[in-house]
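Hello,

Here is the model I promised to pass on. Could you have a look when you get a moment?

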Amino acid sequence: MISATFFRRMVAVLAWMAGASAGAWEIHQVDGRDHVSLTEVASFYAMGDESAPEPNTRKYRGDDRELVVASNSRLIILNGVAHWLAFPVRQKGDLMLVSRLDLGKTIEPAFRPQMIPGFEPVKTVVLDPGHGGQDKGARSPYEFEKNFALDVSRRVRDELKKAGLKVVMTRNSDTFVELPQRAAVANRIPNSILVSIHFNAADWNHQANGFEIFCVTPRGAPSTAYEQVTVRDMAGEAGNESDLESFALANAVYHAMHGRMEMYDRGVKRARFAVLRLAKVPAILVEGGFLTNPEDARKVASRQWRDGYARSIAQGILEYVRLASNKTPPKQVADYRGGGESGTAVAAARPTPAPASAIPLRELPSAGTN
């Protein structure tokens, strides 16, 4: 059953999308879906068309916005970090087209998060250290994921408490918590958000590295790890009631992570993991590097690195809290690298958009996250 809150938010989002595609906007049908021209998108956001970095790509830039896309790719660069669309950018003659769903669920909330309807002030942050107890998670040469996740979560907790926020932990010791229960903790707390903290692994590919972050997949779209829409994708989830807010939270945290830390940019992605689809509050899942990659594992094993990483997550959460409270847009990568809080922030590698078939989609998280 659709809740009243979900209905109100969907009405507001659909009203914006209808306005964005009405009048001067031309709708193009591709693959049975509504698309709009990126030329019109760029004009709407006051961005100019600049020289493209690679063949079959387009780059648009405005005073405080940047968009880089490639034809037939789901990977785009928004304001300096990678994002994964639900559907590939298509080319029709000289036009590059983006799906209307991606415009409403990714580009618009990335460029104008203060316009998202339905924000509620955040009073409690629920931190969810991944795994625990018999569920050890991924393993590095130094430690199990469950222990790294708990350590980082405690560090994030301490930073948020210093800022005056109430923090609840789904676990604060080496105990096992069922996946539905993790989301249920946040669902019971009014005005809360849920941040699940993990580390990645790919035993079949030790070259895989970098940061990535997940929020819930929009209804009617495939998750990032999949290409085709299935019947399952058409079902609404509890998490879809606040999927725009979840995206804004993921974006704020990811910009802080990449603005303050040096790590390969794997992107803002979508999934229907249990903690995301079952949460009725804004929820994200953070993957802090690959424990199966020698360089990532070495960094994660450093207490100093984990402290910086925790501070970055906390900073992103605080940026979202300000957004939800007074509609202040969160800081972007460029803001952090321009002399913000972190004196050690450096430019992290960012992938150039390429056809989706040429980009290995995100290795699924280690057991226990979905």
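Below are some notes on its aromatic pairs and one of its sheets.

This is a predicted model, in which local features need pLDDT of at least 70, side-chain atom pairs count only at pLDDT 80 or more, and totals for chains, interfaces and linings use all residues. Numbering starts from 1 along each chain as its sequence is written, and side-chain values use heavy atoms, leaving out hydrogens and water.

There are 10 aromatic pairs (Phe, Tyr and Trp rings, the six-membered one for Trp, with centres within 6.5 Å; planes under 30 degrees apart are stacked, over 60 edge-to-face, the rest tilted). Y45 and F111 have ring centres 5.0 Å apart and planes at 70°, so they sit edge-to-face. Y45 is in the loop between α2 (38-44) and β3 (48-50), while F111 belongs to helix α3 (residues 100-111), 66 residues apart. (Helices are DSSP runs of H or I, at least four residues, and strands of E, at least two, numbered from the N terminus.) Both Y45 and F111 are buried (under 20% relative accessible area; exposed is over 50%, partly exposed in between, with a 1.4 Å probe and protein chains only).

F199 and Y309 make a tilted pair, 6.0 Å centre to centre with 55° between the planes. Since F199 lies in strand β12 (residues 192-200) and Y309 in helix α9 (residues 303-326), this pair ties together parts 110 residues apart in sequence. Ring pairs also link F148, F199, F211, W305 and Y309 into a cluster.

As for the sheet, 4 strands form an open, antiparallel one in the order β1-β2-β9-β8 (strands pair if DSSP finds at least two bridges between them). Its edge strands are β1 (28-30) and β8 (90-92).

Best wishes
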